[in-house]
Amino acid sequence: MTSTTTTTAARATAAPSPRAVAIQFVLAGVVWGSSFLFMKVALTGISPAQVAWTRILLGAVTLAALVLLRREHLSRSLRVWAHLTVLGLTFCVIPFLLFSWAQQHVSSGVASIFNATTPIMTAIMAWLVFRVERLKALQVIGIGVGILGVVVIIAPWQGIALDGSLVAELAILGATASYGFSFAYMRRFVSNTGMSALAFTFGYIAMAGVVMALLTPFLVLTPVRLDVPIVVSLALLGCLGTGIAYVWNQNTVRAWGPTRASTVTYITPVVGVILGILILGETISWNEPAGALVVFLGILLAQDRLRLGRRATA
């Protein structure tokens, strides 16, 4: 009995090597960058709610199979499962619904560019909401620079009209704010649950699946039109993008911390824009990549990765 317990505990605390974490970080960025293409294709045949519903349930089923195969330990604490339910809502249900709806009105490339604001949102949530980080003056300036980058992407000088595209852009910002909330929430409340990255990820995606299952009569009972590209996109979006990639991300969060892990959004807009142009024939305006660069500068400042002047010596 003692040997079994020790083996389970060792599995829960075992961590991938630094090289493996770096590879998983890059792979998660590529998969999530591709997810904007998958959503765009899926929306040609099903509703935004059906896209979110399908990807969450497929992700939960994929992770459940892995948990059973590896005989992973799951927490028996009701408190932990309450926190996992919150994460299921804020890390999956809310942002997935917002992203799916928004991509009816904006290109996949633009959606992926706005997704790059996640580290800025994480810094704001960790600093102002959960008080788990103290920011220096230069980091606060970085948040302001990131917000300026968002303004450049929206391009208010072209005229502000409350049409679908602007509302969609605001919805995506709501989704990235939800991601930022989730990263900070993890650090504040569930930094040590005793579960492996796989079991922990399964926990909150499974709770998201429960929520979506309960919402089935209200969200997904509408007509669908399926073809091979739509089915393949949903399978990749659910099994890979909402299943395996979330485990990779959780390994990165544990190894690097939530702020550094959220920089996966450096990769996603590059992948999203390239795929949108090559496969969907999308175009982008000059202000969108320019604004993304300003956002990246803000992220570097907000994460204290870009210091002005000489470094202080210890």
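**Overall form and aromatic pairs**

Q: What radius of gyration does the protein chain have, and what value would a compact globule with 314 residues have?
A: The model is a predicted one. A compact globule with 314 residues would have a radius of gyration near 20 Å. The protein chain agrees with that expectation, since its own radius of gyration is 20 Å.

Q: What does the C-alpha trace of the protein chain span along its principal axes?
A: The extent is taken along the principal axes of the C-alpha trace. The spans are about 70 × 65 × 30 Å.

Q: How many helices and how many strands does the secondary structure of the protein chain come to?
A: Read from the N terminus on, the elements run α-α-α-α-α-α-α-α-α-α-α-α-α-α. The secondary structure of the protein chain therefore comes to 14 helices and 0 strands.

Q: What share of the contacts in the protein chain between residues at least 6 apart in sequence join residues at least 24 apart?
A: The contacts considered are those between residues at least 6 apart in sequence. Among these, the share that joins residues at least 24 apart is 90%.

Q: What percentage of the 314 residues in the protein chain is buried?
A: A residue counts as buried when its relative accessible area is under 20%. Ser112 in helix 5 (residues 108-115) is one of the buried residues, at 0% relative accessibility. In the protein chain, buried residues make up 53%.

Q: Which residues does Ser112 touch, not counting residues up to four places away in sequence?
A: Ser112 lies in helix 5 and is buried, because its relative accessibility is 0%. Not counting residues up to four places away in sequence, the residues that Ser112 touches are Phe36, Thr268, Pro269, Gly272 and Val273.

Q: How many aromatic pairs does a search of the whole structure find, and what is the geometry of the pair of Phe91 and Phe183?
A: The search finds 17 aromatic pairs. In the pair of Phe91 and Phe183, the ring centres are 5.3 Å apart and the planes stand at 70°. An angle over 60 degrees counts as edge-to-face, so the geometry of this pair is edge-to-face.

Q: How many residues apart in sequence are the parts that the pair of Phe91 and Phe183 ties together?
A: Phe91 lies in helix 4 (residues 78-102), whereas Phe183 belongs to helix 8 (residues 164-189). Phe91 is buried at 2% relative accessible area, and Phe183 is buried at 4%. The pair therefore ties together parts whose separation in sequence is 92 residues.

Q: Is the pair of Phe181 and Tyr185 stacked or edge-to-face?
A: Phe181 and Tyr185 both lie in helix 8, 4 residues apart, about one turn of the helix. Phe181 is partly exposed at 23% relative accessible area, while Tyr185 is buried at 8%. Their ring centres lie 5.7 Å apart with the planes at 25°, so the pair is stacked.

Q: Which residue lies over the face of Phe96?
A: Phe96 belongs to an aromatic cluster whose members include Trp32, Phe36, Phe91 and Phe183. At 3.6 Å from the ring centre of Phe96, the residue over its face is Arg55.

**Cysteines and salt bridges**

Q: How many disulfides are counted?
A: A disulfide is a covalent bond between the sulfur atoms of two cysteines. The sulfur of Cys92 is 14 Å from the closest cysteine sulfur, in Cys239, which is too far for a bond. Cys92 is buried at 0% relative accessible area, whereas Cys239 is partly exposed at 29%. The count of disulfides is 0.

Q: How many salt bridges does the structure hold?
A: Arg70 forms a salt bridge with Glu72, their closest N and O atoms being 3.2 Å apart. Another joins Asp227 to Arg225, with the closest N and O atoms 3.4 Å apart. The number of salt bridges in the structure is 2.

Q: Is Glu72 buried or exposed?
A: Glu72 forms a salt bridge with Arg70, and Arg70 is partly exposed at 44% relative accessibility. Glu72 has 10% relative accessibility, so it counts as buried.

Conventions
Residues numbered from 1 in each chain as written. Predicted model: local features only at pLDDT ≥ 70, side-chain atom pairs only at ≥ 80, totals over all residues. Heavy atoms only, no water. Phe/Tyr/Trp six-rings, centres within 6.5 Å; stacked < 30°, edge-to-face > 60°. Helix = DSSP H or I, 4+ residues; strand = E, 2+ residues; numbered from the N terminus. Buried < 20%, exposed > 50% of the residue type's maximum accessible area, 1.4 Å probe, protein only. Lys NZ or Arg CZ within 6 Å of the ring centre and 35° of its normal. Disulfide = S-S within 2.5 Å. Salt bridge = Lys/Arg side-chain N within 4 Å of Asp/Glu carboxyl O. Rg over C-alpha atoms; globule rule 2.2 N^0.38 Å. Contact = heavy atoms within 4.5 Å.
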